[in-house]
Amino acid sequence: MRRAKSTASSGINSGGNAVPKLLRDLHQLIHQVQDERNRNEHTLMNISKTHERMKSEAKVSSYFKSKLKGLYGAAIADCEAEAELIRRATDKIANIQALTNEGAQGRSHVDGSGLDIEPSRKAGMRRGVLMTILQQNAAQLPMFMGKASENVPPLCGSIPPAANYAPDPGDHVAARVRTPDGEEQWILAEVVLFNPSTNKYDIDDIDEEGGNKKERHHLSRRRFIPLPKMKVNPSTHKHALFQKQDLVLALYPQTTCFYRALIHEPPSRPQDDYSVLFEDTSYPEGYSPPLCVAQRYVVTSKENKRR
């Protein structure tokens with residue numbers, strides 16, 4: 001039976017002390033967001049009134065041109081200030097979520113994304129429960145809230161990990177393992193530890209039944225792909241998403257296995273999933289009908305050629 005990994009007591013205590021302060025900061029940020037919104041609404045109302053007054057003029061005077069220029073500049077500045085406050089509030093929420101999950105002793109631990117990433121199948125856990133947990137983790141994946149001009153960090157959307165990336169215990173990956181019948185398969189797995197003597201990682205199948213017969217895989221770094229730790233906002237960083245017709249590995253719905261697929265449609269809104277076409281020879285075209293897969297469970301395919 002897989003047991004939940006315990007967290008160092010010092011980490012729990014520090015997290016417990018930090019959460020109340022983070023909540024107070026979040027409360028203040030929410031009020032600041034509303035203040036900025038009220039200020040912007042006042043500016044927008046002045047813009048609307050100015051346009052109404054301009055209708056009576058046959059030609060727009062320099063006075064109205066100058067006034068509108070100033071009002072639009074103020075509105076843009078107000079929007080940018082509000083967006084920055086929302087980004088800061090989102091960061092606070094992610095930190096609170098991470099610390100809260102970390103403090104849940106004997107129940108869960110967290111990876112770099114701040115998610116409860118202990119959905120490994122425990123004795124007696126129904127498969128439906130595991131699938132629900134995986135869906136919740138995908139929905140709770142933090143979103144990168146940088147400005148459109150900012151570079152998207154590694155492991156965000158389709159952006160690969162940094163060259164010196166080394167996974168931490170608890171990180172989730174798509175791992176290529178050999179099945180008992182000799183075939184190779186990509187599975188959803190969890191990094192346990194790095195063994196320097198073999199230069200390999202110990203990795204557990206997330207869907208392992210547990211018990212004394214539980215199998216652990218020993219894999220080199222090239223045999224697994226880390227999952228994204230942040231989602232991409234299509235409104236600001238569409239380029240950091242996989243694009244239509246890109247070949248990927250995607251988690252097949254209601255399973256813990258990754259299969260080759262083509263991107264049918266990338267997300268168009270922050271809450272959207274990818275629409276993918278899985279390779280499937282049972283269909284005349286060689287691909288399944290479009291299926292939805294969350295950003296969390298779509299990674300680059302190491303095999304770049306279609307079959």
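**Figure 1. Order of the elements along the chain.** From the N terminus on, the elements follow the order α-α-α-β-β-β-β-β-α-β-β-β-β-β. The model shown is predicted. In total, the chain holds four helices and ten strands. Of its 307 residues, 43% count as buried. Among contacts between residues at least 6 apart in sequence, 58% join residues at least 24 apart. The chain has an accessible surface of about 17100 Å², and carbon and sulfur atoms account for 53% of that surface.

Figure 2. Two cavities of 30 Å³ or more are found in the structure.

**Figure 3. S56 in the loop between α1 and α2.** The loop that holds S56 lies between α1 (9–54) and α2 (62–102). S56 counts as exposed because its relative accessibility is 67%, above the cut-off of 50%. A polar atom of the S56 side chain lies 2.9 Å from the backbone oxygen of R53.

Figure 4. S288 is placed in the loop between β8 (274–278) and β9 (291–293). With a relative accessibility of 7%, S288 counts as buried, since the cut-off for that class is under 20%. When neighbours within four places in sequence are left aside, the residues in contact with S288 are L277, F278, D280 and Y283.

**Figure 5. L155, a residue with positive phi.** The backbone of L155 has a phi near 60 degrees, a positive value in a residue other than glycine. Most residues other than glycine have a negative phi. L155 belongs to the loop between α3 (127–139) and β1 (172–178). The relative accessibility of L155 is 8%, so this residue counts as buried.

**Figure 6. Q254 in the loop between β6 and β7.** Q254 is found in the loop that lies between β6 (247–251) and β7 (257–265). Although Q254 is not a glycine, its phi is positive, at about 65 degrees. The relative accessible area of Q254 is 48%, and the residue is therefore partly exposed.

Technical notes
Residues are numbered from 1 along each chain as its sequence is written. This is a predicted model: local features need pLDDT of at least 70, side-chain atom pairs count only at pLDDT 80 or more; totals for chains, interfaces and linings use all residues. Side-chain values use heavy atoms; hydrogens and water are left out. Helices (H or I, at least four residues) and strands (E, at least two) are DSSP runs, numbered from the N terminus. Buried means under 20% relative accessible area, exposed over 50%, partly exposed in between (1.4 Å probe, protein chains only). Contact means heavy atoms within 4.5 Å. Accessible areas come from the Shrake-Rupley method with a 1.4 Å probe; for residues, only the protein chains shown count as cover. On a 1 Å grid over the protein atoms alone, a cavity is a set of points where a 1.4 Å probe fits but cannot get out, and a pocket is an open set with protein on both sides within 12 Å along at least five of seven lines; lining residues have an atom within 4 Å of a point. Grid points are joined across faces, edges and corners, and a volume is the space filled by probe spheres set on the points. A polar contact is a pair of N or O atoms within 3.5 Å; within protein, one must be able to donate a hydrogen and the other to accept it, and residues adjacent in sequence count only if both atoms are side-chain atoms.
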